[in-house]
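Hello,

Here is the structure I promised to pass on. My notes follow below it.

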Amino acid sequence: MMIDGLAPQTWLHRVPAGVKLVGLALLSVFLLPVGDWRILAGVLAMIAMVYAGFGRAGMARLSLLRPLLPLLVVVSGVQAAAGGWNAGGVVAMRLLAMLLLADLVSMTTTMSALMEALTPVFRLLRPLGVNPRKMALAVALVLRFVPVLMTRWRAREEAWKARSHRRIPPRLVAAFVADILQLADRVAEALDARGFDRSAADRHSPPL
Amino acid sequence: MESRAIVRIALLAAVIAALGMVPSIVLPIAMGVPITAQTLGVMLAGIVLGPRHGALAVLLFLFVVLLRAPLLSGGRGGLGVLFGPSVGFLLGWAPAAFVSGLVMARLKTLPVFAAALVAAITGGIVVEYASGIRPDGDGKAEFAAGFGCNRGIRAG
């Protein structure tokens, strides 16, 4: 439900996630100062070829860009009004190229691979109090909490509708928030009971 | 940081994500920047968790989005959002949650609902839109439309 990657394995899937991330960063640095529309058109054509190489699934991804079209039109229009057609085209093409490239990395890299590629970065941040293990836990918890929260809210909604025809009142939301905060504390207790944070194991309940 | 805090931060990040499933209104006039219920979750994070943890919940949520979970409203996610039109709003979320939490903490003497309302308005609307809409050099406001585009406008 959560993952919208490209189903068939492609050659880009086999490139390590770290390489792809660094490549994306480098490309964005190189693309920014380019002011010639011919170079940008070449880059766009190359990206389009990569997408086309992925077959139908790759081309289907392009349709996800449709909501961004008005933005591209407006941005290039503003630029064209200020600095001529060339400037407008360059800005729109640069934006489009960066969007497509970033999407390319996203759809060919699994979440765990990205997380792994970022572990060295977290290790660098360790002096600032970032703990890679806790970071990974937090990400996993978010992904797990989303469906849990949706189910719990739907159950509340159903319970209300079974009892009343009136609209769902805002105070139901307050009760829901209190409920999920209790849920969070129970999850924390369960984690500590399983030895996630040794130092906190005896913080929850007084020692016997 | 103890696990209780981590789980609460993750919970509020998930609340922001779950609010993204509420259908959003994409106004063409706002140039592809959706008006969503997710901002409500951001304010809630600041109000419930306080400034620091609230901002951390937002950062965690954004991190998960960049890891390409399609949790932004409209099912968007992945590194592409960094170059999308709404990135100014996303950057404004962390300060918005922080300010909401700060205001909430300052208004301890007020009744809870009134305090939460004031906190949500200052944090969510004032700070959020201040970072989403940036004043331009010559005084007129324009939407912050992504790093590439912003720099493009400067350079172009």
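**What turned up**

Helices (H or I, at least four residues) and strands (E, at least two) are DSSP runs, numbered from the N terminus.

A word on the source. This is a predicted model: local features need pLDDT of at least 70, side-chain atom pairs count only at pLDDT 80 or more, and totals for chains, interfaces and linings use all residues. Residues are numbered from 1 along each chain as its sequence is written, while chains are lettered from A and ligands numbered from 1 in the order in which they are written.

Chain B has 156 residues, and 58% of them count as buried. Buried means 20 or more other C-beta atoms within 10 Å of the residue's own; exposed means 12 or fewer, and partly exposed is in between, with C-beta atoms placed from the backbone. Take the chain B contacts between residues at least 6 apart in sequence: 67% join residues at least 24 apart. A contact here is two C-beta atoms, placed from the backbone, within 7 Å.

B:Arg52 sits in helix H3 (residues 51–66) of chain B. It has 15 C-beta neighbours inside 10 Å, so it counts as partly exposed. B:Arg52 and B:Phe98 are 46 residues apart in sequence, yet their C-alpha atoms are 6.3 Å apart.

Now the core. The largest nonpolar core holds 82 residues, and those touching the most other members are A:Val142, B:Ala10, B:Leu12, B:Ala13, B:Ala14, B:Ala57 and B:Phe61. Such a core is a set of buried Ala, Val, Leu, Ile, Met, Phe, Trp, Tyr and Cys residues joined through C-beta atoms within 7 Å. Helix H5 (residues 69–107) of chain A gives the most to this core: 18 residues. Domain 1 (11–110) and domain 2 (131–200) of chain A both give residues to this core, so it lies between them. The domain bounds come from an automatic or database assignment. The C-alpha centres of these two domains of chain A lie 38 Å apart.

Leaving out residues up to four places away in sequence, B:Ala57 touches B:Ile9, B:Leu12, B:Ala13, B:Ala45, B:Leu49 and B:Ala97.

Last, a helix pair in chain A. The axes of H2 (residues 17–31) and H6 (residues 111–124) of chain A come within 8 Å and cross at roughly 75 degrees. Axes are lines fitted to C-alpha atoms, for helices over the stretch in contact, and angles run from 0 to 180 degrees between N-to-C directions. The contact involves A:Ala17, A:Gly18 and A:Leu21 of H2(A), and A:Ala113, A:Leu114, A:Glu116 and A:Ala117 of H6(A).

Best wishes
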